[in-house]
Amino acid sequence: MYLPSADRYDAMPYRRTGRSGLLLPALSLGLWHNFGGDRTPESQGAILRRAFDLGITHFDLANNYGPPPGSAETAMGRALKTDFAGLRDEIVISTKAGYHMWDGPYGEWGSRKNLRSSLDQSLNRLGLDYVDIFYSHRFDPDTPLEETMGALDTAVRQGKALYAGVSNYSAEQTREAARILNELGTPLLIHQPRYSMLDRWVEDGLLDALDELGTGSIAYSPLEQGILSDRYLNGVPEGSRAAGSSPFLSAEAVTPDLVTRLGALNELARERGQSLAQMALAWVLRGGRVTSAVVGASSVAQLENSVEAVRGLEFGDEELARIEELVKGTGRV
């Protein structure tokens, strides 16, 4: 029987999500990869248990996480019934809907039909009566935003979600979504954007909008699909995401110039007493504007390495300037 560590809340910082009462750990565990049918329940359970022991109380999912789609929620549901039985009130579960999930015209995007059907399916896979956060996973250009936000409001009012969130929305779309939700009486709790040293689009208005709205933020892909780790310091290794057929990272993107710059960033990380991945996570969390960063983990060791980042979240002006000089020349910023 799993017994959680008695000191699990001692080292992890917890940050308030916007103007809400919800605190999230500085690092959250994402189940996008590594929790599908291609991994054993034993390895998945070991990662989930260790995450909780390290103070990670937030597990981030979406309806289509796997592979196959839905299997990550099934894996999390299994853990909630076994290892985490009796611990639901110490855990934050989030899920999303909006990307393709099933065939036909109702299996994706932001209609009320899709969002409500998807949430019911997610709750069934998770074995829960409610999730803590339910997201619109992407903006739907063909559905009135009032309909999409109305579906989130309904989920909260029905008790199937405690909070509403959006992901991959622009600053303008986020402002309008928050306005609609506020009129309905359900505040926009959180936005989940992609954000890393090498992907800075949120700095062009979105973070300012979130500050003004009192909405929290949780950054996904803070390691830029693994580029900001030690895996690509010598180019593209066999078996890596870039060496495969991933639609999110190609071998051509890992140029010799980028590898050189990664080496220089890695040297700076060593001077800080961190790995490159730890420094990249700390950089996203610097200053407190980002509530939490989502990390993935294929092993307990990788998870433990990531969590060490919270021990060094401060940067000097010279360090930040060096990072800026190195990343500005990558062609990705």
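This is a predicted model: local features need pLDDT of at least 70, side-chain atom pairs count only at pLDDT 80 or more; totals for chains, interfaces and linings use all residues.
The expected span of a helix is 1.5 Å times one less than its number of residues.

**Helix 10**

Helix 10 covers residues 317-328, twelve in number. From first C-alpha to last it reaches 16 Å, close to the 16 Å expected at 1.5 Å a residue. Three of its residues, Ile 323, Leu 326 and Val 327, are buried. They lie on the same side of helix 10, because they cover an arc of only 90° around the axis. Asp 317, Glu 318 and Glu 325 are exposed on the other side. The buried residues of helix 10 pack against helix 7 (256-271) and helix 8 (276-285).

**Nonpolar cores**

In soluble globular proteins, nonpolar side chains tend to be buried together. Here, the largest nonpolar core has 91 residues. Within it, the residues with the most contacts are Leu 29, Phe 59, Met 76, Phe 84 and Ile 93. Helix 8 gives the most to this core, with nine residues. Another core lies apart from it and has ten residues, among them Leu 22, Ile 190, Tyr 220 and Val 294.

What does Phe 59 contact, leaving aside its neighbours within four places in sequence? Its partners include Leu 29, Met 76, Phe 84 and Ile 93. Leu 31, Leu 48, Ala 51, Ile 91, Val 92 and Ser 94 are also in contact with Phe 59.

**Helix 2**

Helix 2 (71-81) is mostly covered, with eight of its eleven residues buried. These are Ser 71, Ala 72, Glu 73, Ala 75, Met 76, Gly 77, Ala 79 and Leu 80. They pack against helix 1, strand 4 (58-60), strand 5 and helix 3 (112-126).

**Aromatic pairs**

The whole structure holds seven aromatic pairs. One of them joins Phe 52 and Phe 84: the ring centres are 5.4 Å apart and the planes stand at 50°, so the pair is tilted.

**Backbone geometry**

The bond from Gly 66 to Pro 67 is cis, with omega near 0°. The bond joining Pro 67 and Pro 68 is also cis, with omega about -10°. Pro 67 lies in the loop between strand 4 and helix 2, and Pro 68 is placed in the loop between strand 4 and helix 2 as well.

Trp 109 has phi of about 70° and is found in the loop between strand 5 and helix 3. Gln 225 has phi near 60° and is placed in the loop between strand 9 and helix 7.

**Burial of selected residues**

| Residue | Relative accessibility | Class |
|---|---|---|
| Ser 292 | 0% | buried |
| Gln 225 | 7% | buried |
| Thr 154 | 17% | buried |
| Trp 109 | 31% | partly exposed |
| Arg 231 | 44% | partly exposed |

Why does Thr 154 count as buried? Its relative accessible area is 17%, and buried means under 20%. Thr 154 belongs to helix 4 (residues 145-157). Neighbours within four places aside, Thr 154 is in contact with Arg 112 and Arg 116.

Ser 292 is in strand 10 (residues 292-295). Which side chain makes a polar contact with the side chain of Ser 292? That of Ser 28 does, at 2.8 Å. A polar atom of the Ser 292 side chain also lies 2.7 Å from the backbone oxygen of Pro 25. Beyond residues up to four places away in sequence, Ser 292 touches Leu 24, Pro 25, Ala 26, Leu 27 and Ser 28, among others. Its contacts also include Ser 217, Ile 218, Ala 219 and Leu 285.

Arg 231 lies in the loop between strand 9 (216-219) and helix 7. Its C-alpha is separated by 9.7 Å from that of Ala 277, 46 residues apart along the chain.

Conventions
Residues are numbered from 1 along each chain as its sequence is written. Side-chain values use heavy atoms; hydrogens and water are left out. Helices (H or I, at least four residues) and strands (E, at least two) are DSSP runs, numbered from the N terminus. Buried means under 20% relative accessible area, exposed over 50%, partly exposed in between (1.4 Å probe, protein chains only). The arc is that of the directions from the helix axis to the C-beta atoms. Contact means heavy atoms within 4.5 Å. A polar contact is a pair of N or O atoms within 3.5 Å; within protein, one must be able to donate a hydrogen and the other to accept it, and residues adjacent in sequence count only if both atoms are side-chain atoms. A nonpolar core is a set of buried Ala, Val, Leu, Ile, Met, Phe, Trp, Tyr and Cys residues joined through side-chain atoms within 4.5 Å. Rings of Phe, Tyr and Trp (its six-membered ring) pair if their centres lie within 6.5 Å; planes under 30 degrees apart count as stacked, over 60 as edge-to-face and the rest as tilted.
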